[in-house]
Amino acid sequence: MFQTRIHGRGGQGVVTAAELMSVAAFIEGRHAQAFPSFGSERTGAPVVSYCRINNKEIRTREPILEPDAIIIQDPTLFNSLDVFQGLKFDGYVLINSNKNFDELGIKDAIKKIPNKHACCVPATEIAIKHMGRPMPNAVLLGGFAAMSGLLAFKSVEKAIQSKFSGKIGDGNISAALAAFDIVKKTTVTKEKKGKK
Amino acid sequence: MFEQIEGSNAVAKCVALCRPEVICAYPISPQTHIVEGCGKLVKSGKLKNCEFINVESEFAALSVAIGSSATGARTYTATASQGLLFMAEAVYNASGLGLPIVMTIGNRAIGAPINIWNDHTDSMSMRDAGWLQLFAETNQEAADLHIQAFKLAEFLSMPVMVCMDGFILTHAYDRVDIPSQEKVDAYLPPFKPRQVLDPANPYSIGAMVGPEAFTEVRYLAHEKQQRALKIIPKIAKEFKSVFGRNSGGLIHNYKLDGAKTIVVTLGSVAGTVKDVVDRMRKKGKKIGVLSICSFRPFPKLEIRKALKNCKRIIVLEKSLAVGFGGVVANNVMMSMQGTGVHVHTVVAGLGGRPITQPSLKKMLQVAEKDELDDLTFLDLERKVVERELKRERVSQKSGPIAENILRDLAGLKEIKR
C-alpha cells in the first residue's frame with residue numbers, strides 16, 4: 001500500500017488533490033481511498049488530506065500516520081507545523097516552491113530521505129501561467145506522478161478531465177504536464193510495479 | 001458500474017435510484033453532501049417525479065416527511081448530530097405511526113462541547129425511538145443499505161435509519177459499484193402503503209390512545225421489530241441474488257473460527273479492526289471481529305450463537321452511556337446472559353478521535369493477558385484529566401472544563417478566576 005499525505009491551506013484544493021489522486025489510481029484499476037482531515041474548513045487555515053493506493057481492498061480507516069509521500073502545497077506551513085511527521089525513511093517529498101531546500105530551511109529534514117526523493121516545483125507560478133489561477137493542486141499531482149512513478153501521467157490527465165471540464169481542465173492538464181517534466185528532470189523515477 | 005466517488009454522493013445516487021417522491025432537508029450543518037446531491041439530481045431532471053423541499057429546520061424536515069409518507073409518497077431525508085436531536089419528537093412520531101421513511105444519519109458527536117466530528121452518540125440517542133437502525137461498514141454497504149432500507153421499511157411499514165460514519169465514510173472517496181436503474185427497479189417494487197391519507201377514502205392517522213390500548217400498540221411495534229430479524233437476512237439474500245454481493249444482514253462475522261477474543265463493533269472501524277486481526281492472527285493470536293449491521297432490531301440470538309464459544313468479548317464502541325459505560329456493550333451483555341463469557345467495554349473514537357491500529361493492538365495485547373479493565377477509554381490522556389481534577393480540587397471557581405483543558409493542551413497559563 002502506498003500512502004500520501006497532502007498539506008496545504010483552505011482554498012488551495014487540498015481535498016480535491018487527494019480526490020484526483022484516488023481517481024487516477026482507480027482509472028488504473030487499483031483501489032484507492034481519499035479523505036480529508038476533518039475540521040471546520042476556512043480559507044487560509046492549514047488543511048490536510050490523505051490518499052491510500054493499493055492493489056487490493058483498503059479496509060483501514062485511520063488517518064495516515066506513516067506516509068510514503070508528502071505533498072506540500074504551501075511552504076509557509078513549515079513555520080507552523082511538522083509536516084514531515086511520520087514520513088518513512090525511504091519516503092518522497094514534493095513541495096510547491098520556487099526556492100530550494102536550503103532557502104526553505106528544511107535541508108536537515110530532506111537529508112533523512114534518499115537522494116532525489118525530494119523536489120521543489122513552482123506549482124503556483126505554473127498554474128498562473130497555464131490557466132491564470134493560483135491553484136497548485138492538480139499541477140503537483142503531475143509532479144507527484146513523475147517523482148513516485150506510482151501513476152502514469154495519462155491517468156492523472158484523465159482524472160483531471162473527469163473533475164474539470166473545458167478551459168479549466170485543459171489548463172490544469174498542461175500545467176500538470178509542465179510540472180511532470182520539471183520533476184522528471186530533477187528526480188530519478190523509480191518504477192514501483194507490483195510493489196507495495 | 002464502479003465509480004471512484006465520495007460516500008455521500010454514492011448514497012445520493014442510490015437514493016435517487018430508489019425513485020423517492022419526496023425528499024426534504026434542512027440544508028445547513030450538520031448536513032452531508034447527500035441531500036445536496038439529491039437536490040442536484042432533482043433539479044437536473046435526472047430524478048423525475050420527486051419533490052425536493054427545503055424546510056426551515058430539522059424538526060420541519062421530519063415533520064414534512066411524516067406528512068408526505070402518510071399520503072403514500074416514498075419519502076427520504078438525512079441528518080446528523082444536533083439535527084437528529086432537534087427532530088427527536090418527530091422521530092418518535094414517525095415510528096409510532098408506522099410510516100416507512102428512510103433517513104440517513106451521517107454519524108456525529110453531540111455537543112456540548114461543540115464538536116462536528118464522528119462518533120455514534122447521535123443515533124444511539126434514538127436507539128429506543130422505534131426505528132430500525134442499520135450500520136454501514138463501508139461506502140459500498142452504505143449505498144446498498146439504502147436500497148434495502150426502502151424495501152424493509154415499506155414491507156414492515158416502519159421507518160429505517162441507515163447510519164454511516166460522518167466524515168470517515170460520508171467524505172471519503174472510495175470505489176463504489178452504483179447499480180443500474182433496471183436492477184434497482186427489479187429489486188424494489190413501487191411503494192404500496194399499508195395506510196394512506198386519501199381524500200377519496202378519508203380516515204385519520206394518529207389517534208389519541210389511552211391506557212386501554214397504548215401497551216398493545218407499543219407491543220406491536222416491538223413484535224414488528226422481532227419479525228424484522230427474520231426479514232432483514234431475507235432482504236439481504238435477495239439483494240445478493242440481484243446485485244451479486246453481500247451487503248446488510250444482521251451481523252458480519254470475520255475470522256470467528258476458534259477465536260478466543262472477539263471484538264464486537266459497528267460501522268467503519270470494523271475495517272481497521274480487521275487489519276489488526278489479520279496481523280495478530282499471523283502471529284498465532286486467536287482473534288476475530290463481529291460487526292453489527294442491524295442494531296435495531298438487536299439480533300440477540302445470532303450474537304449469542306456467534307460469541308458463545310469465545311473466552312472474552314471486547315465491545316469497541318463510539319458511544320458512551322455517561323454514568324454506566326457502553327451502550328452497545330449493554331446490549332451485548334444482555335445477549336450473553338448466563339454464558340459466563342466476559343464482556344469488556346472499550347469506548348473509542350469519541351468526537352472524532354482517530355482509532356489507530358497501534359492503539360487497538362496494544363489494547364488487544366492487554367486483553368489477551370486478562371488485564372483489560374471492564375471499561376476502558378482508548379487513548380485517554382490520563383495526565384490531562386488529572387490536571388483538571390487538581391484544578392477542581394484547588395479552587396471551587398475552577399471554571400469551564402472544556403476551556404481549561406484546551407488552555408492546558410496549548411501550554412497556556414491557567415487563568416486566575
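## What "buried" means here

A residue counts as buried if 20 or more other C-beta atoms lie within 10 Å of its own, as exposed if 12 or fewer do, and as partly exposed in between, with C-beta atoms placed from the backbone. By that rule, 47% of the 417 residues of chain B are buried. For chain A, 52% of its 196 residues count as buried.

A quick word on the ground rules. This is a predicted model, in which local features need pLDDT of at least 70, side-chain atom pairs count only at pLDDT 80 or more, and totals for chains, interfaces and linings use all residues. Residues are numbered from 1 along each chain as its sequence is written, while chains are lettered from A and ligands numbered from 1 in the order in which they are written.

## Chain A

Chain A has seven helices and six strands; both are DSSP runs numbered from the N terminus, helices being H or I with at least four residues and strands E with at least two. Read from the N terminus, the order is β-α-β-β-β-β-α-α-β-α-α-α-α. The C-alpha trace spans about 40 × 40 × 40 Å along its principal axes. A compact globule of 196 residues would have a radius of gyration near 16 Å, and chain A agrees with its 15 Å. That radius is taken over C-alpha atoms, and the globule rule is 2.2 Å times the number of residues to the power 0.38.

Take a look at helix α7 (residues 166-186) of chain A. Its 21 residues reach 31 Å from first C-alpha to last, close to the 30 Å expected at 1.5 Å a residue (the expected span is 1.5 Å times one less than the number of residues). Buried residues of α7(A) include A:G171, A:I173, A:A179 and A:F180. Among the elements covering the buried residues of α7(A) are β6 (118-121) and α4 (123-131) of chain A.

## Chain B

Chain B has 15 helices and 15 strands. Its radius of gyration is 22 Å, close to the 22 Å from the globule rule for 417 residues, so chain B is as compact as a globular protein of that length. An automatic or database assignment sets the domain bounds: domain 1 (2-243), domain 2 (251-377) and domain 3 (381-417). The C-alpha centres of domain 1 and domain 3 of chain B are 42 Å apart.

Helix α10 (residues 269-282) of chain B has 14 residues that should span 20 Å at 1.5 Å a residue, and the end C-alpha atoms agree at 20 Å apart. Buried residues of α10(B), including B:V269 and B:V273, pack against elements of chain B, among them β9 (251-254) and α13 (357-368). Just after α10(B), B:G284 takes a positive phi of about 85°.

## Where the chains touch

Here, 18 residues of chain A are in contact with 21 residues of chain B, contact meaning C-beta atoms, placed from the backbone, within 7 Å. On the side of chain A that touches chain B, β2(A) gives the most, with six residues.

## The nonpolar core

A nonpolar core is a set of buried Ala, Val, Leu, Ile, Met, Phe, Trp, Tyr and Cys residues joined through C-beta atoms within 7 Å. The largest one has 178 residues, and A:A179 and B:V162 have the most contacts inside it. Helix α1(A) gives the most to this core, with 10 residues. Leaving aside neighbours within four places in sequence, B:V162 is in contact with residues including B:V102, B:L134 and B:A149.

Definitions and conventions
Two residues are in contact if their C-beta atoms, placed from the backbone, lie within 7 Å.
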